[in-house]
Amino acid sequence: MAQKNIYEYDAKKLIASELPKYYPDFKYHNKLVIIDSETDLEKAISENPWINTEKVVVKPDQLFGKRGKANLLLLDASCDEMKDFCYSNLDRVCEIGNVRGALKRLLVEPFIPHEKEYYVSITTERDGDLIHFSFEGGIFVEENWDKVIHVPIPLGTDITSFDLRSKLPDLGDAKGVLIPFIKGLYQLFVDQDFTFLEINPFAITGDNKVVPLDVKARLDDTAMFLHADSWGNPNNPIEFPAAFGQTMSEKEVYIRELDEKTGASLKLKVLNPVGRVWTMVAGGGASVIYTDTIVDLGFGEELGNYGEYSGNPSREYTEIYAQTIIDLITETPDPAGRSKYLIIGGGIANFTDVKATFEGIVSAIRNSVEKLKKAKVKIYVRRGGPNEKQGLELMKQVGEETGVPIEVYDRYTHMTRVVDLIKQAEEAGGI
Amino acid sequence: MVDYELFNRNTQAIIYGFQRNPIQRMLDFDFVSKREKNSVAAIIKPTQTAAISYHNVFFGNKEIVIPIYKTLDLATKKHPNADVMINFASFRSSYETSKEALESNTIRTVIIIAEGIPERQSRKLIKIAEERKKNIIGPATVGGIVAGAFKIGNTAGTLENITLSKLYRPGSVGFVSKSGGLSNEMNFMISQTTDGVYEGIAIGGDRFPGSKLIDHLMRYEANPKIKMLVALGEIGGTDEYAIVEALKNKKITKPIVVWVTGTAAKILPKGLQFGHAGAMADSSKETADAKNRALREAGAIVPESYEDFDKEIRKTFDKLKQEGIIQPVEDFEPPAIPMDYNTAVRLGKVRRPTDVVVTISDDRGDVPTFAGIGLDTIIKDKKSIGYVIGLLWFKRELPEFAQEFIEIVIKLTADHGPAVSGAHNAIITARAGKDLMSSLASGILTIGPRFGGAISNAAKYFREALQKGMNPLEFMGYMKNVVQINIPGIGHRIKSVQNPDVRVQLLKEFVLNNFEKHPHLDYALEVEKLTTSKRNNLILNVDGCVGITFLDLLENLDFTKEEIEDVIHSEALNGLFVLGRSIGMMGHVFDQKRQRAGLYRQPWDEILFTD
């Protein structure tokens, strides 16, 4: 995946270090502190004495916006107020846009008194970038989206000689600050391979200094190799955090670690631990289609996981991956005694050796016969590719030898037909 | 070539990156498709030193070569008709190499295989392509195929799959998808539900693919041989709306069956990576459901779920066939490709006799073995050089006295001063500025009947004498009257009975003390008694002693008579001398090189000039 969100803290730090190259008048205070449950608050304050001497802002830095509306924004606060806010909010579970998650990171920065809030963002399109600007920044920008001016910047434009002023409305006194700031910001955006950057709002202080207040940004993580001297430093790369509320279970972490060790791909996300339909699908494209079809045929609520294995993983890794999914599906047999279904699916592989990967899956099945029977798991297999005949034969054999119900289909059966077969089995009352 | 075609049966490609397997797979496809010319014109390997080298591949049964160039520039000059470049360069260098190809005058289409190219770089490439009216497929793709005409790299997998999916001849369906991983599945499914694929392209899963679904669909629309379109879209982005527009504007008139994947995203947690890089819905318009709906409303054939995709494709095809729009396709049995030798070996389908039999060592395992003994054991157990020689020369673990004997001989023969022919030659060659190997070789080359020959000759004649049962006196007569040479191994320039050679004494002593039996030495000492009675310097010399005691060594080992014959016949004795003396000759070479000694020229006063 190319576009990845970064923390507001990191975005501001990146702007602070890079923007003055293009806009030397940018004199950012660079006073930013992250407080998490590990932080020694008193120590943080003594290391950042401005917290004590200035008024501060405190807000969560966990990739979600609309913090003011969610009552998670502390403005113009004293040091004690900041401490109270931290104590009462850190590790607190709250719900943001239907996602429940714990507040883990709070960003503290100086409170900047200001009258006017400006909006600027930059987005990318196929043939160019877009600069979006508005005088009506802040929380009302979405309601006032018609007031936002969109300036297309064709790819390869030399922004320094680009006539930005004529594309924007009369900026009044602020033009001397705004034009070079936006141009500098655009250069930063291009040179650092941002894919999205939104400063909403930013303020202009009495001494004509621009101060970004809230920042949201995404970087193109595939460009990391080009930025070893800034955010892509291999010894200290920027963090690409998971979305708010997304935590990983032990098994998911285990598979991710496995994935990092191999050139092949192993992915797992548990959606519903007590779900009755689980998938172990080869290939990213096929895994999406199986998941779609399970949902489209009405099993969305029963879907246990999303994941895929691909890139010709070794027999051993495939076995570990299969064992993990088998452990998950058999963990809690259905309280009502209904059947569970495991789809070992995939399209016709280009080069992944079906026999070798299936050997791994088969030994996981052999190691789990009692569990599978106890949880009433029925397995549906569909696959094609190199050594498909031998691979599918292995599956048939393990079914016959162990008594685990396994139905095996080859390339002549439509890829997702097994989902329809599960539907029919369900309608007939399971196994 | 017409505009709507990127590839046909005459298309030739330049492959960037030395990719043996995809190249052979392309040629195998060419062969089963009965192409006249193979589809790979040239290979670019920037890391090679030579401007041009060659790679041999099979075109059916025939072996042919494909030139490998160091630069694209030279390749395009030599192959102006190759208008496709398949770029296997990594994500780090793909931008530069793709740019170079797009900016060349001969390359019309660039396929970018690498995954993980920065978006801004992809967008710059797209801009260049648009300005120069070039085509890009990818990045992050396996490529595509025009059935029976041209196959990009690894597309369509194994030959078996190509045959099963009937990709060796054109059908009537133009197919395009984002996913390359699913292209095999789709090609096969289309071959089962229709008369097969005419062209199938995977544009790659990036947010900014070099060419879009619509670009290929418009080409298919323009291609009279394509009768129906199949497309597989994906959640995220708005490219599918271009298809909606084209349908509304009647720019697409051929029947099109489409499915946009990612309908399940609505029940998945936000932010979960679901499929490709581009597969993330930023707005409700970008969801799979919205796109499927819009496509259906615009007149595309959109199933209720992927589960019915095959049925809709079959239905659409059958209708076109009924209407007479599609004529039966001409099928043929694709020519068989011989199995690769390596594959056949793996499957146990072939056998061939070997050309070389080796019985002394094996380097195939974790640790090399000498006569079955692991090198690690040899080192750990601190085995001697004599032991190693025993393993490699005689295939045995020699007893300690034998190991020691061999080492004594090596020491004794290691050097004999600078004046003997071997050292002299080595010195002269080294001083002529030649390398170690040449200098050593020129020294070794003097070893023969006169230099070092006394050792093997002594062994030869004393052995013969003993075998024929001659007494020492008969032997002396035989040498004098029949062979007509002095007895090899007898006589010394300076040393005599009164002034014995300490080297001979030490060797004799060792043999007498350590060998259970020593018939040859005993015999030689009898002969020596007679010769020294004639003249006191006709003693057993060091060459003779080495040769003769080596025969005794063989008598004391568990060798059969025949094995002893083999050892002598194989010149093991010469081997010992060469081995030992090489130490000294190399020493002389190093000595001269250390001194930076200049070219040696024999002084005139050493030469008599005369006619």
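In chain B of this predicted model, Val57(B) has Ile64(B), a residue of strand E4(B), as its bridge partner. The two strands concerned, E3 (residues 52–59) and E4 (residues 62–69) of chain B, run antiparallel and are joined by eight bridges. Two residues lie between the strands of this hairpin, and Gly60(B) takes a positive phi near 70° there.

Further along chain B there is an open sheet of six strands with mixed pairing, in which the strands follow the order E9-E8-E11-E10-E12-E13. Strands E9 (150–151) and E13 (256–261) of chain B stand at the edges of this sheet, and because each has a single partner strand, one side of each is left without a neighbour in the sheet. Within the sheet, strand E8 (residues 144–146) of chain B pairs with strand E11 (residues 197–202) of chain B in the antiparallel sense, over three bridges, and Ile145(B) stands opposite Gly200(B) of E11(B). Helix H6 (residues 183–193) of chain B packs on the sheet, where it touches E8, E10 (173–177), E11 and E12 (228–234) of chain B, and the direction of this helix makes about 155° with that of E10(B). Helix H9 (residues 288–298) of chain B also packs on the sheet, touching E12 and E13 of chain B, with its direction at about 165° to that of E13(B).

Most residues other than glycine have a negative phi, and most peptide bonds are trans. Gly138(B) and Pro139(B), however, are joined by a cis peptide bond with omega about 5°, and Pro139(B) is placed in the loop between strand E7 (135–137) and E8 of chain B. Ala156(B), a residue other than glycine, has a positive phi near 75°, and is found in the loop between E9 and helix H5 (159–164) of chain B. In chain A, the peptide bond from Asn200(A) to Pro201(A) is likewise cis, with omega near 0°, but Pro201(A) has its place in a strand, E11 (residues 194–204) of chain A.

Turning to how the chains meet, 53 residues of chain A are in contact with 63 residues of chain B. The area buried between them is about 4,700 Å², of which carbon and sulfur atoms give 57%. On the side of chain A, Arg126(A), Leu155(A) and Phe225(A) lose the most area to chain B, together accounting for 17% of what that side buries. Between chain A and chain B there are five salt bridges; Arg120(B), for instance, forms a salt bridge with Asp129(A), with the closest N and O atoms 3.0 Å apart. There are also 23 residue pairs in polar contact between the two chains. Among the elements of chain A that each supply at least two residues of the side touching chain B are strands E8 (118–125) and E9 (128–134) and helices H5 (175–191) and H7 (284–296), and H7(A) gives the largest share, nine residues. By class, this side of chain A has 24 nonpolar, 14 polar and 15 charged residues.

Over all chains, the structure holds 57 salt bridges. One of them lies within chain A, where Glu319(A) forms a salt bridge with Arg315(A), the closest N and O atoms being 3.4 Å apart. Both residues belong to helix H8 (residues 315–331) of chain A, in which Glu319(A) and Arg315(A) are four residues apart, about one turn of the helix.

Technical notes
Residues are numbered from 1 along each chain as its sequence is written. Chains are lettered from A and ligands numbered from 1 in the order in which they are written. This is a predicted model: local features need pLDDT of at least 70, side-chain atom pairs count only at pLDDT 80 or more; totals for chains, interfaces and linings use all residues. Side-chain values use heavy atoms; hydrogens and water are left out. Two strands pair if DSSP finds at least two bridges between them. Contact means heavy atoms within 4.5 Å. Axes are lines fitted to C-alpha atoms, for helices over the stretch in contact, and angles run from 0 to 180 degrees between N-to-C directions. Buried area is the accessible area (1.4 Å probe) that two parts lose on being put together, summed over both. A salt bridge is a side-chain nitrogen of Lys or Arg within 4 Å of a carboxyl oxygen of Asp or Glu. A polar contact is a pair of N or O atoms within 3.5 Å; within protein, one must be able to donate a hydrogen and the other to accept it, and residues adjacent in sequence count only if both atoms are side-chain atoms. Ala, Val, Leu, Ile, Met, Phe, Trp, Tyr, Cys and Pro count as nonpolar, Asp, Glu, Lys and Arg as charged, and the others, Gly among them, as polar.
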